[in-house]
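Subject: Two-chain model, handover

Hello,

Here is the structure I promised to pass on. Please load it before reading my notes.

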There are 2 protein chains.
Amino acid sequence: MKNYHMSPEEFRKQGKQMIDWIADYYDTIEKYPVLSQVKPGEIKDQLPATAPMESESMEQIMSDVNSIIMPGITHWQSPDFFAYFPANTSGPSILGDLLSSGLGVQGMLWATSPSCTELETRVLDWLADILQLPEKFKSTSAGGAVIQDTASSAALSALLAARERKTNYESNEAGCMGNLVAYVSSQTHSSVEKAVKIAGIGKNNLRLIGVDENLAMRTDLLEAAIQNDLKAGLIPFFVCATVGTTSTNAIDPLAEIGEISQKYQLWMHIDAAMSGTAAICPEYRFILNGVEYADSFSFNPHKWMFTNFDCNCFFVADRSVLIKTLSILPEYLKNQATESGSVFDYRDWHIQLGRRFRSLKLWFVIRHYGVNGLRYHIQEHIRIAQQFAGWIRESADFKLIAPAPLNLVCFAHRNGNEFNRKLLELINSRGKMYFTHTVIRDQFTLRMCIAQTNTTLEHVSKAWQTIQETAKELENMFNNNPKSE
Amino acid sequence: MKNYHMSPEEFRKQGKQMIDWIADYYDTIEKYPVLSQVKPGEIKDQLPATAPMESESMEQIMSDVNSIIMPGITHWQSPDFFAYFPANTSGPSILGDLLSSGLGVQGMLWATSPSCTELETRVLDWLADILQLPEKFKSTSAGGAVIQDTASSAALSALLAARERKTNYESNEAGCMGNLVAYVSSQTHSSVEKAVKIAGIGKNNLRLIGVDENLAMRTDLLEAAIQNDLKAGLIPFFVCATVGTTSTNAIDPLAEIGEISQKYQLWMHIDAAMSGTAAICPEYRFILNGVEYADSFSFNPHKWMFTNFDCNCFFVADRSVLIKTLSILPEYLKNQATESGSVFDYRDWHIQLGRRFRSLKLWFVIRHYGVNGLRYHIQEHIRIAQQFAGWIRESADFKLIAPAPLNLVCFAHRNGNEFNRKLLELINSRGKMYFTHTVIRDQFTLRMCIAQTNTTLEHVSKAWQTIQETAKELENMFNNNPKSE
């Protein structure tokens, strides 16, 4: 019989070469330009327009990886990557994910791999304890948690559960009616706006509440907006508080928002996508003060806890609302365990039906590092970021644009927006480091997020030198040739 | 400086051991009970209630994998797995996924790794050609494709794009108004009902159209339902046609549904989650006849094309509608490439913002097998399934319950529903094979889906023997002790 499958011997050989390839990549990662320097279409044009009819060797494929794919990689795992929020990873995570790929189980139901469900439940209970979340978020109470792909999906799930709870599960049946209102701050991540659109709420029914001088939600404005909507005959149902906004790491006042949520019976969701990780350290746990008011909470170990993408942890205080919102049980998925009511079927906890064994990588990471190891490296990132913030404070040319409570520093050169934009582009175009921007009160703002696994003080110190030198260079260019600007 | 990270040397050592572990697993996979035999709570109870404070070794972790996790695995990659739809995988896919984990890039924007976007676009254009999809679904026309996690998410994305096109993008702004109507057959996958709820359409506005004797959608009933809804002042906007329903692999009449969609200006989505793969073989391409009418089409290489979960390919005829529906552009994601309009930013093509480099595994699979290799193994699966269907046809005790056009065979013992239910439970509880059921016109129906990568005629022949022998055994039990039943 013919057989095109990779033989077990070939898999062993190629697999070990791939492990070496990855280890070599990390050994040499600082040689690459961090931000890929290719032009649109440059990668695609090198790939054949049609698929091969006959089998090709792994040698051919890896040769193309090296020559075609690698120049088009922006190196998220480079210690010189300071852009966006990170998506960091680690050895144990890669190995846990490899095991997941190898086992190839699909954990939509408890029965389709009990370990996939039960390890996930256990590890998320661990995390609830490490983060000192209230008992209500644990599987041993009325709540529980699930691994979702991203904070976007978690926010959508929270919004849907809120919608159904508020409308007595009637929106699922009759559809939305354009009268539910959700609240976020002007700094809340765009994923909530996207979720509001997806869920049929409508962007017109999303209120962007103003922020204080620290870019945190103003609860006086929140309450005023709610009262205004009630007067107009609308139905307030959902508020998202953020712990660590994407722009500046601002932290909304959870307890105050929580009290308003209780008063007006809103579902309170907390998005702590990156910064939630800091709360594993006792000295930063204060950022979650007020989480006891929340109906749901999510953070991403795939951002800042050495667990590779995708791994969002989504906690709910009352799992029955979430399950009732998202459950569908066709005949072909019925089984004894489900009918017994004694198991979780995680496909009822999110949008998708199918799911891979993602808790393995999280379990590997927590066990490899231990809680103390995780804390140590998070503390280090924050310590280094604070050092960088100190350099900015002392600098004559640069200034801080927002408070830097944790590992994100927002700053700008005093020469104004156009200068900062050019500075960012010039540095990124040279590939020695990669950072990105935001706009705060019309100020074009540079962001340094310090969170890649292997980033040390030396990398950040080198980055600071690059930023200062390039700014000088740019000033000279401006001075020598002001017209061309 | 302290450092809890896994050293490069340790990663090389542990990584190679993991490769060997996976190869050993596939070498011995037939020794395990296919369906895990553990009871609810049995896995969780063996895992410590709290996370370790100190670092643990990979040896400790892998020891727990072997002793605690493995008994709770249902072996989706066993050649004796015939349940649900498959989630098959292969050596090149595991290696492509490993490379993706190692690179750890997050491809939300073109700029955040151009290769992640451009390889995906290219490989999906390949697939459009291999499946002989119309030109409109290729990136070189007004359409294009994206890798989503699952067919559920693809169906939701299609439904949202349909909703916005029909309401002039007003639902995104004002919210849903409870007057849009979607159409599926009574056999359509539950994911569309879930999507209808999520999108604020409401289950009351989902029409389950009756089916013909082959369990395919009856288009006379579809048209009557549309006319009825129009008369009631409602707005028909979406129809989902299925190529290979989950229950029985029924194939809806695409061209007829397409003509009705055009007549009434409905968005036509085709869900070909598993069976779409068969269309890569010229002799089975007929199952997609009529795809030229569709606005969107999706199928899952992670089901039946040797690419590990998750990998759904979602094609749209007019990408601008999808992008306009799902696009959000906050300041912190703005960049030159996006502003130039010359690139795809795939985060605008699906629900999530973040995304991993999933096209690598698909590219590895297509190149490793070549189109001819893929065709060969798909043809083999269908050939074996047809042989099994033949045995059922010739059997005095069993009968076919639905047509078996491809690789799924629906059958039942003539002894009635309770007997079939017990037969299924008894066989699955013994672990030699795993298959599942559906209910067709009140008939409890056994399903054999032949699609795992390493399944051969011998495995199916052995399964048939097991089924026959266990049925005899059960008949004897019934006859000897009829009262206890």
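My notes on the model follow, from the chain pair down to single residues.

This is a predicted model: local features need pLDDT of at least 70, side-chain atom pairs count only at pLDDT 80 or more, and totals for chains, interfaces and linings use all residues. Residues are numbered from 1 along each chain as its sequence is written, and chains are lettered from A and ligands numbered from 1 in the order in which they are written.

The pair

The same surface serves both copies, since 99% of the contact residues of chain B recur in chain A. Contact here means that the C-beta atoms of two residues, placed from the backbone, lie within 7 Å.

The contact takes 128 residues from chain B and 127 residues from chain A. On the side of chain B that touches chain A, the largest share is 15 residues from helix H1 (residues 8-28) of chain B. Helices (H or I, at least four residues) and strands (E, at least two) are DSSP runs, numbered from the N terminus. By class, that side of chain B has 58 nonpolar, 47 polar and 23 charged residues. Ala, Val, Leu, Ile, Met, Phe, Trp, Tyr, Cys and Pro count as nonpolar; Asp, Glu, Lys and Arg count as charged; the others, Gly among them, count as polar.

Chain A overall

Chain A has 15 helices and eleven strands. Its radius of gyration is 24 Å, close to the 23 Å that the globule rule gives for 485 residues, so chain A is as compact as a globular protein of that length. The radius is taken over C-alpha atoms, and the rule is 2.2 Å times the number of residues to the power 0.38. Along the principal axes, the C-alpha atoms of chain A fill a box of roughly 75 × 70 × 45 Å.

Of the 485 residues of chain A, 61% count as buried. A residue is buried if 20 or more other C-beta atoms lie within 10 Å of its own, exposed if 12 or fewer, and partly exposed in between, with C-beta atoms placed from the backbone.

Local points

Helix H7 (residues 190-198) of chain A is mostly covered, with eight of its nine residues buried. Among them are A:Glu193, A:Lys194 and A:Lys197. A:Gly200 follows H7(A) and has a positive phi, near 80°.

A:Met274 sits in the loop between strand E5 (267-271) and strand E6 (296-299) of chain A. A:Met274 counts as buried because it has 28 C-beta neighbours inside 10 Å. Leaving out residues up to four places away in sequence, A:Met274 touches A:Phe85, A:Gly244, A:Asn300, A:Lys303 and A:Trp304.

A:Arg383 lies in helix H13 (residues 359-394) of chain A. With 13 C-beta neighbours inside 10 Å, A:Arg383 counts as partly exposed.

In chain B, five bridges join strand E10 (residues 436-440) to strand E11 (residues 443-449), and the two run antiparallel. Strands pair if DSSP finds at least two bridges between them. B:His437 has B:Leu446 in E11(B) as its bridge partner. E10(B) and E11(B) form a hairpin with two residues between them, and B:Arg441 in the turn has a positive phi of about 45°.

Best wishes
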